[in-house]
Amino acid sequence: MNHFELFDLPAAFEIDAADLQQRYRKLQQQLHPDRFARGSERDKLLAVQHSAQLNDAYQTLKTPLYRAEYILQLRGIDLQHEQQTIRDPDFLMAQMEWRERIEELKQAADNFAAIDSAYRDLEAQTRELQHELERHIAADENEAAAIAVRKLKFMHKLRSEIERVEDSAD
Amino acid sequence: MAYSEKVIDHYENPRNVGGFDKNDPSIATGMVGAPACGDVMKLQLKVNAQGIIEDAKFKTYGCGSAIASSSLVTEWVKGKSLEEAGQLKNTQIAEELALPPVKIHCSILAEDAIKAAIEDYKSRHAG
């Protein structure tokens, strides 16, 4: 059973986060190992395994990037272990500019307004990429979807870089 | 994870950091990124009329191994012809810096940056 089947959801990129969480909680209760405390050793072991699979499935589907990677994996495209590089000059130039902007944030890490505005801009660009990704996945344009996923990975990295600046300001 | 001494040396004292004017016809620019880690690398070569690399500069946003890999290749390619530089393999970089398997992609990034720069040069000097 794949992660989507586990939650009884179609293998689509668009997902209702609140609905997913509800389904997760319901299944979590059904599968909780404590419920099998008086069962056989085999039942207990299965409950632990199911519970672990459920957690893994939820973590994967919850995050748009991991969800997209998973959908493409189901379609036979492994993006998690690839070591390919990308050369899109415009995209990479924009990444360089982002990195410079984050360097500047580091110089004035107490500038919360600047950090906030960086988050907002990154969020907007990330959303745009996710919309693009959604269209490609829905249209079965796997190669174009893979390119969008690769770009999304850079956006994730930028987000964690901004988070690091924010943490150092506390 | 422990970095090798050579990685630390290049990371703490990176050689040839910076850039050239990318519109100068003698300058070749290679930009590459690794989705696996989100690292980005810009490598620029200054090529003379004989096709020899006179100077090289880089700007890399990434981990210590990515910075060390790009710093190392800027040293290696100086004095080489574009053709010689194009034969550089990531395994040589990884070996020189003693990169662990999880950091091999940093050396791939540096190799691809040189290739991208050479392609940029050829595309601008075609015909």
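This is a predicted model: local features need pLDDT of at least 70, side-chain atom pairs count only at pLDDT 80 or more; totals for chains, interfaces and linings use all residues.
Student: OK, how many helices and strands does chain A have?
Tutor: Helices (H or I, at least four residues) and strands (E, at least two) are DSSP runs, numbered from the N terminus. Read from that end, chain A goes α-α-α-α-α-α-α. The tally is 7 helices and 0 strands.

Student: Which helices do the buried residues of α4(A) pack against?
Tutor: Buried means under 20% relative accessible area, exposed over 50%, and partly exposed in between (1.4 Å probe, protein chains only). In α4(A), residues 64-74, the buried set includes Leu65(A), Ala68(A), Ile71(A) and Leu72(A), and also Arg67(A) and Glu69(A). Taking contact as heavy atoms within 4.5 Å, their partners in chain A are α1 (3-6), α3 (41-62), α6 (112-138) and α7 (142-169).

Student: Is Lys151(A) buried or exposed, and at what relative accessibility?
Tutor: Lys151(A) sits in helix α7 of chain A. Leaving out residues up to four places away in sequence, it touches Asp88(A), Phe91(A) and Leu129(A). Lys151(A) counts as buried, because its relative accessibility is 16%.

Student: How do α2(A) and α3(A) run relative to each other?
Tutor: Axes here are lines fitted to C-alpha atoms, for helices over the stretch in contact, and angles run from 0 to 180 degrees between N-to-C directions. The axes of α2(A), residues 17-31, and α3(A) come within 10 Å and cross at roughly 170°. Angles under 35 degrees count as roughly parallel, over 145 as roughly antiparallel, 65 to 115 as roughly perpendicular and the rest as oblique, so this pair is roughly antiparallel.

Student: Which residues does Asn55(A) contact, setting aside neighbours within four places in sequence?
Tutor: Asn55(A) belongs to helix α3 of chain A and is partly exposed at 30% relative accessibility. It is among the α3(A) residues that meet α2(A). Its contacts are Tyr24(A) and Gln28(A).

Student: Where does Asp8(A) lie, and what is its phi?
Tutor: Most residues other than glycine have a negative phi. Asp8(A), in the loop between α1 and α2 of chain A, is exposed at 63% relative accessibility. Its phi is positive, near 55°.

Student: And what about the phi of Asp140(A)?
Tutor: Asp140(A) is in the loop between α6 and α7 of chain A and is exposed, with a relative accessible area of 53%. Although Asp140(A) is not a glycine, its phi is positive, about 60°.

Student: Over in chain B, at what angle do α1(B) and α2(B) pack?
Tutor: α1(B) covers residues 5-12 and α2(B) residues 64-77, with their axes 8 Å apart. Val7(B), His10(B) and Tyr11(B) supply the α1(B) side of the contact. The two helices are roughly perpendicular to each other, at an angle of about 80°.

Student: Last one: how many disulfides are there over all chains?
Tutor: A disulfide is a pair of cysteine sulfur atoms within 2.5 Å. The sulfur of Cys106(B), a buried residue at 1%, is 3.6 Å from its closest cysteine sulfur, in Cys63(B), which is too far for a bond. The sulfur of Cys37(B) is 5.6 Å from its closest, in Cys106(B), also too far. The count is 0.

Definitions and conventions. Residues are numbered from 1 along each chain as its sequence is written. Chains are lettered from A and ligands numbered from 1 in the order in which they are written. Side-chain values use heavy atoms; hydrogens and water are left out.
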